[in-house]
Protein chains: 2
Amino acid sequence: MSEKIPIANSINYVHVEALNERTYKNLVPYTSDMKTTKTFLFAAIDMILRYITELNEHDSPVIKNGLRTPAEYRKMFTFEIDDQGSDLYDILANCERILETTVRSGHPRFINQLSQGVDTISLVGEMITSTINANMFTYEVAPVFNLMEESVLTHMRDCCGWPKQGPLSKNGDGVLAPGGALSNLYAVLAAKHYAFPQIKKGGIQNGLRPAMVISKHCHYSMKRAAAILSIGTDQVYEVDPDESGRVTAENIEEKILYCQSLGLTVFFVAITAGTTVFGAFDPIEEVSVICRKYNVWLHVDGAWGGSTLLSPKTKHLLQGIDKADSFTWNPHKLMSIHLQCSAILIRHLNVLQEANQMCAGYLFQPDKHYETSLDTGDKTIQCGRHVDILKLWLGWKARGHLGYAEHVEGLVENAKFFYEALLKREPYFRMVMKPPFINVCFWYVPSSLQHYDQTTLEYKQRLDKVAPKIKERMMNSGTMMIGYQRLDDYPNFFRAIISNPATTKGDIVAMIDTIHELGHDL
Amino acid sequence: MSEKIPIANSINYVHVEALNERTYKNLVPYTSDMKTTKTFLFAAIDMILRYITELNEHDSPVIKNGLRTPAEYRKMFTFEIDDQGSDLYDILANCERILETTVRSGHPRFINQLSQGVDTISLVGEMITSTINANMFTYEVAPVFNLMEESVLTHMRDCCGWPKQGPLSKNGDGVLAPGGALSNLYAVLAAKHYAFPQIKKGGIQNGLRPAMVISKHCHYSMKRAAAILSIGTDQVYEVDPDESGRVTAENIEEKILYCQSLGLTVFFVAITAGTTVFGAFDPIEEVSVICRKYNVWLHVDGAWGGSTLLSPKTKHLLQGIDKADSFTWNPHKLMSIHLQCSAILIRHLNVLQEANQMCAGYLFQPDKHYETSLDTGDKTIQCGRHVDILKLWLGWKARGHLGYAEHVEGLVENAKFFYEALLKREPYFRMVMKPPFINVCFWYVPSSLQHYDQTTLEYKQRLDKVAPKIKERMMNSGTMMIGYQRLDDYPNFFRAIISNPATTKGDIVAMIDTIHELGHDL
């Protein structure tokens, strides 16, 4: 760092200056003298508290001074490493600058993607997790975390209504994965092994041509799984959703039959509970009937919408989930848990293990003195695995079932308020559709475009440029953050997702005003 | 929790009792009153400090009261979730019990696997990371972290001596992945796309039979990658290492030719820099000549041994790494960074992006107002991606190049001391081999076996039972932890890996004594 960054100091018993000229050698595990370690940790907590306090000021910017260019950030930070290490004051000063310049995704007016706010319980969960620095691969090194994960996954599967099976009376299988894309990959891997167990050893041979049928609005990780598994994206057949963003069972069946007519073997159907952009819920029950008829694995990607199972008022959106073969559900989205925490749930007992196990002797010794079925490592595609369960378990314990039900209902209520507020602001704001869930999709239409015929190409082309321009101004000012994209034939539109419990109706109105302010002259 | 767990309170300005009957609703982001949030975070730090202080007592157990049965842990914790949430005192009391009962992998006498100690800088890095809760997928939501990752990966590639290429003068590509198994998977994915770009769309077709040649001592994730990619584990041809655990280039070539004679197309060779059990380093330079000759991608798995590049005294072990096409290197192993932090480095500029990109419009809008090449999300197989870079960058900044060189050299020195101490304890301790690196592999031979002919089957069968029995006693007493396994024709032997800078020569002697104590009567 070229200049010395001063660290603000709000806790008067933390003497940050004491860290000057102290180095990592004054910290645990290099010394057993706890003095510097204590000061260092308290100073970090002090910074974190200041950051969180600022987030509480709803009018404060989401990005202080706006998004900078790479060159500007490279000037602010010295990313390069020197021969000699920095002292601990410098290390903390870098942290302070990071907290100062970061995109504040926990801010109530960050609705670009995930937006859960700073979940204090997740934060404490991560602090304890990092302190223990355990590894999930075997029971012997992480007994409590493995039992905790098994218990929570069992509960999540209970929410799906899956039956108990086998000698251990388990309601299925699963694992926490580093994100929904990998959970979806797990689903395709399991389905592949279920349909074609010979591929694990033999590979794709003898003219076998596996195929997948998915909704066009499925998350892109479904298609990528086909690339990874060497099935090929050409063998992924997409079904067009209707204007509400949902596929129909008839269209799925049609596509399966079409694939069969081409000599392909459809082994996997994926639909979505809460699509990425629209937040639409595909009809699970109806599609499951078709999948059963053709003996095809049904995967439901509920990375986003799976948490609707948590409220009796919303769980009807997932009707039929008891018939799914696999289910992705990300607590790091709607349940406010910090990154990363994604569950892949599999209704079948042994397929995950059979598909992925390699029986590495140095980790999974067959002669251990405890039940080796408690070693989860051999059913994952990782080896070492981070403990993602603690923050989720603590968060769920703290809220209880009723707390999460209320949380989901509150977010739905906010989305309804957002939608109604936008309707009142016509013709500047135009809805893409009535929100099926929490996603609110809309265009901003500046005066200059309001008298155009909406069916013309010119209107669409001009409207397409509005959202990117507003976003650019937004990022430069840093006041708020919202995402936009094209979809199907729609020109660029905004997608607002409010899942931060700190976001108020006042914030919603303020955000609508900000968009208008930034876009009215376009 | 059935009974109330008391929380020890060592910081007199933290009033843990104030958390009684306070709930998550009294925390950010549910309230903007910071009072409870402050108390909660400080109480957590207090617990963490107590835990770390205990680790400093080298004679304290690695598992307090030893490893318990699942039933015992289930009694100690109420894993089930209730309708009503727990109060914050209960949440912390659960954390306290977790810290009390956990396997203390940061303990100086935990040498079962990764054993870096509690790295205070990693811990602070994780605290800041979780507070910001950023997502690596795009520049716009994590600008500083993306630039930081690019800078650190560039430096890691510089350590490999890879040349600058292309209009941006980059020395290759790469990404941080959730663990070495996934880094290795990335390598196979990249190599597959490099050799057979048609598979991404078309799948494995027309009788194409891709094959991989690996060392038999490669990490099991290499073979699993073949299962995931539908190449099939039968198409993974293993080369036997010599008695030092290293493959020869001649044997690799022989296997490539053998595959060709079967009509297979070898596209990938994997060797290891620091094998899992022995810590052996395959001869990269020699193997690279063969790979160039047959136009095959060379992957070096340096998950464990990659960090030898950090010292001028050890980097010769990786001679030839400048010719590798891809390289796995886990800072969460030898560099003491907390889980998870693994780098996959690729010498080629665009293959990662070309192999994995799906161009999802809602994340990777082509009309962004900044260079979209800074959006790393489309070259990964994740979507959301945890920030793993901050803890690594802070740790590296704090130590500097010289600090890490000293760290690596110190560990090698400790391993040498361990080896020599074991030699002095013959015939109770018998080496499997002279340690090529930090891994120290040995048998404990109780008196009852010392007069056996070592070449007999009975000796081997009896020796095979010794390590599991000692491990069982060790886990029940909780005094220390060390791993064991069979390998090739060797009966079960111990593998000690000391990578915790807190582990002293005194600890090493104490651990040798403990093994003797637990095993002498067998």
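**Two chains in a predicted model**

User: Where in chain B does Pro427(B) lie?
Analyst: Happy to start here, keeping in mind that this is a predicted model. Helix H12 of chain B covers 389–424 and strand S9 covers 429–431.

User: What is omega for the cis peptide bond of Glu426(B) and Pro427(B)?
Analyst: Good thing to check, as most peptide bonds are trans. The bond joining Glu426(B) to Pro427(B) is cis instead. Its omega is about 0°.

User: Which residue does a cis peptide bond join to Glu426(A), with omega about 5°?
Analyst: The residue in question lies in the loop between H12 and strand S9 (429–431) of chain A. Its peptide bond with Glu426(A) is cis, with omega of about 5°. The partner of Glu426(A) is Pro427(A).

User: What is the phi of Asn295(A), given that it is not a glycine?
Analyst: Most residues other than glycine have a negative phi. Asn295(A) sits in the loop between helix H10 (284–294) and strand S6 (297–302) of chain A. Its phi is positive, at about 60°.

User: How many residues of the contact of H4(A) with H3(B) are nonpolar?
Analyst: From H4(A) come Ile121(A), Val124(A), Ile128(A) and Ile132(A), and they meet Leu88(B), Cys95(B), Ile98(B) and Leu99(B) of H3(B). This contact has no polar and no charged residues. The nonpolar count is eight.

User: What is the area buried between chain A and chain B?
Analyst: The contact involves 164 residues of chain A and 163 residues of chain B. Carbon and sulfur atoms give 64% of the buried area. In total, that area is about 14600 Å².

User: Which helix gives the largest share of the side of chain A that touches chain B?
Analyst: Across this interface there are 68 residue pairs in polar contact. The side of chain A that touches chain B has 82 nonpolar, 53 polar and 29 charged residues. Its largest share, 13 residues, comes from residues 389–423, which form helix H12 of chain A.

User: Which side chain of chain B meets Glu140(A) in a salt bridge?
Analyst: The interface of chain A and chain B has six salt bridges. In one of them, Glu140(A) has its partner at 2.9 Å, N to O. That partner is Lys471(B).

User: How far apart are the closest N and O atoms of Asp46(A) and Arg50(A)?
Analyst: Over all chains the structure holds 60 salt bridges. Asp46(A) and Arg50(A) both belong to helix H1 (residues 35–55) of chain A, four residues apart, about one turn of the helix. These two residues form a salt bridge, with the closest N and O atoms separated by 3.6 Å.

How values were computed
Residues are numbered from 1 along each chain as its sequence is written. Chains are lettered from A and ligands numbered from 1 in the order in which they are written. This is a predicted model: local features need pLDDT of at least 70, side-chain atom pairs count only at pLDDT 80 or more; totals for chains, interfaces and linings use all residues. Side-chain values use heavy atoms; hydrogens and water are left out. Contact means heavy atoms within 4.5 Å. Helices (H or I, at least four residues) and strands (E, at least two) are DSSP runs, numbered from the N terminus. Ala, Val, Leu, Ile, Met, Phe, Trp, Tyr, Cys and Pro count as nonpolar, Asp, Glu, Lys and Arg as charged, and the others, Gly among them, as polar. Buried area is the accessible area (1.4 Å probe) that two parts lose on being put together, summed over both. A salt bridge is a side-chain nitrogen of Lys or Arg within 4 Å of a carboxyl oxygen of Asp or Glu. A polar contact is a pair of N or O atoms within 3.5 Å; within protein, one must be able to donate a hydrogen and the other to accept it, and residues adjacent in sequence count only if both atoms are side-chain atoms.
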